[in-house]
Amino acid sequence: MTRKSFQKNWSYTLFVEHPELYLPILERDKAKSKKEAHQLDKLLRRYNVLPPSKILDYSCGIGRHTINLFRLGYEVVGYDPSPAYISLAKQWAADLLGKGNNIRF
């Protein structure tokens, strides 16, 4: 194998090994996530994807869209390779929706 084949992907380094570097951007964008989720809902409805349809939020980060799409009635699963972001997403969901919410991360 070549040396290059052993190099880690930049996204793994950034989001998994050093999630604190991008976290301020995710936190800043929480404020606009509700509006973005409404726009996603509008787009999904255009293609007849209606609540309670199942949605996978791949690379969900701290759950900004996962939580807001859940609030709109979708059954949402959030996935992210960063354990730190998933932990923050679970905490934020519990804070906003209560510990008994049905969002899966």
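Mentor: In a protein chain, a residue is buried under 20% relative accessible area, exposed over 50% and partly exposed in between, using a 1.4 Å probe and protein chains only. This is a predicted model, where local features need pLDDT of at least 70, side-chain atom pairs count only at pLDDT 80 or more, and totals for chains, interfaces and linings use all residues. Residues are numbered from 1 along each chain as its sequence is written, and side-chain values use heavy atoms, with hydrogens and water left out.

Trainee: Why is Glu36 called partly exposed?

Mentor: Glu36 has 26% relative accessibility. That value falls between the 20% and 50% limits, so Glu36 is partly exposed.

Trainee: What makes Glu36 and Arg64 a salt bridge?

Mentor: A salt bridge needs a side-chain nitrogen of Lys or Arg within 4 Å of a carboxyl oxygen of Asp or Glu. The N to O distance between Glu36 and Arg64 is 3.3 Å, so the pair qualifies. Glu36 lies in helix α3 and Arg64 in helix α4, so the bridge ties together parts 28 residues apart in sequence. Helices here are DSSP runs of H or I with at least four residues, strands are runs of E with at least two, and both are numbered from the N terminus. Arg64, at 12%, is buried.

Trainee: How do you know that Asp41 and Arg45 are separated by about one helical turn?

Mentor: They are four residues apart in helix α3, which means about one turn. Asp41 is buried at 10%, whereas Arg45 is partly exposed at 40%.

Trainee: What makes Glu75 and Arg104 a salt bridge?

Mentor: Their N to O distance is 3.8 Å, within the 4 Å limit, so the pair counts. Glu75 is in strand β2 (residues 75-79) and Arg104 in the segment after α5, so parts 29 residues apart in sequence are tied together. Glu75 is partly exposed at 34%, and Arg104 is partly exposed at 48%. Elsewhere, salt bridges that share partners join Arg28, Asp29 and Lys32 into one network.

Trainee: How many salt bridges does a search of the whole structure find?

Mentor: Six.

Trainee: Why is Asp29 called buried?

Mentor: Asp29 has 12% relative accessibility, under the 20% limit, so it counts as buried. Asp29 sits in the loop between α2 (23-28) and α3.

Trainee: Why is Tyr47 called exposed?

Mentor: Tyr47 reaches 60%, over the 50% limit, so it is exposed. Its place is in the loop between α3 (30-46) and β1 (54-58).
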